[in-house]
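Hello,

Here is the structure I promised to pass on. Have a look at it first, and then read my notes below.

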Amino acid sequence: MAERPTLAPENVSDTVKSQLAGFHRSIIDEVAAAVSRDRVVVVGMAQNPFVKKARQLLDGEGVKYTYLEYGSYLSRWKERLAIKLWAGFPTFPMVFVGGVLEGGYAELVKLRDQGKLKG
């Protein structure tokens, strides 16, 4: 599987690297801690119907999960951008299972259908 292209580290100035490293770092640390600690983590935002569907699916399957919510369409977009930059995934929800970013709602449905959510 091909990796998505990213700018080579040698083509990023130290100033930019420093800015990225500190960009809403407390939020990134909070998400990373939950992902490393809890089996299933859903990162989302208010008002997003796919976040709601993902949580309903997990509830319906009886899967215990941690939910982290960062704003809505009109608030906390910079924090969500920091999470997107960290994860390399463009949309919410972000669903992590066993420390692995599996994707969003559509990928969660596939995991359920494959029987990979139980346990």
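I'll begin with the lining of the largest pocket, which by class has six nonpolar, two polar and three charged residues. Here Ala, Val, Leu, Ile, Met, Phe, Trp, Tyr, Cys and Pro count as nonpolar, Asp, Glu, Lys and Arg as charged, and the others, Gly among them, as polar. Before going further, please note that this is a predicted model, in which local features need pLDDT of at least 70 and side-chain atom pairs count only at pLDDT 80 or more, while totals for chains, interfaces and linings use all residues. Residues are numbered from 1 along each chain as its sequence is written, and side-chain values use heavy atoms, with hydrogens and water left out.

Back to the pocket. About 370 Å³ of space lies in it, and its lining consists of R4, T6, L7, V12, V16, K17, L20, A21, K84, L85 and G88. Two elements, α1 (14-22) and α4, each give two or more residues to this lining, and the largest share, four residues, comes from α1. For the cut-offs: on a 1 Å grid over the protein atoms alone, a pocket is an open set of points where a 1.4 Å probe fits, with protein on both sides within 12 Å along at least five of seven lines, and lining residues have an atom within 4 Å of a point. Points are joined across faces, edges and corners, and the volume is the space filled by probe spheres set on them.

Now the overall fold. The protein chain has five helices and four strands, in the sequence pattern α-α-β-α-β-α-β-β-α. These are DSSP runs numbered from the N terminus (helices: H or I, at least four residues; strands: E, at least two).

The four strands form an open sheet in the order β2-β1-β3-β4, with mixed pairing; two strands pair if DSSP finds at least two bridges between them. At the edges are β2 (66-69) and β4 (100-103), each pairing on one side only. Four bridges join the parallel strands β1 and β2, where V43 stands opposite L68 in β2. The chain gets from β1 to β2 through helix α3 (residues 49-61), in a right-handed β-α-β crossover (with the strands pointing away from the viewer, the path from the first strand over the helix to the second runs clockwise).

Two backbone details to check: the peptide bond from F92 to P93 is cis, with omega near 10°, and P93 is in the loop between α4 and β3. H24, in the loop between α1 and α2 (25-37), has a positive phi of about 50° although it is not a glycine.

Best wishes
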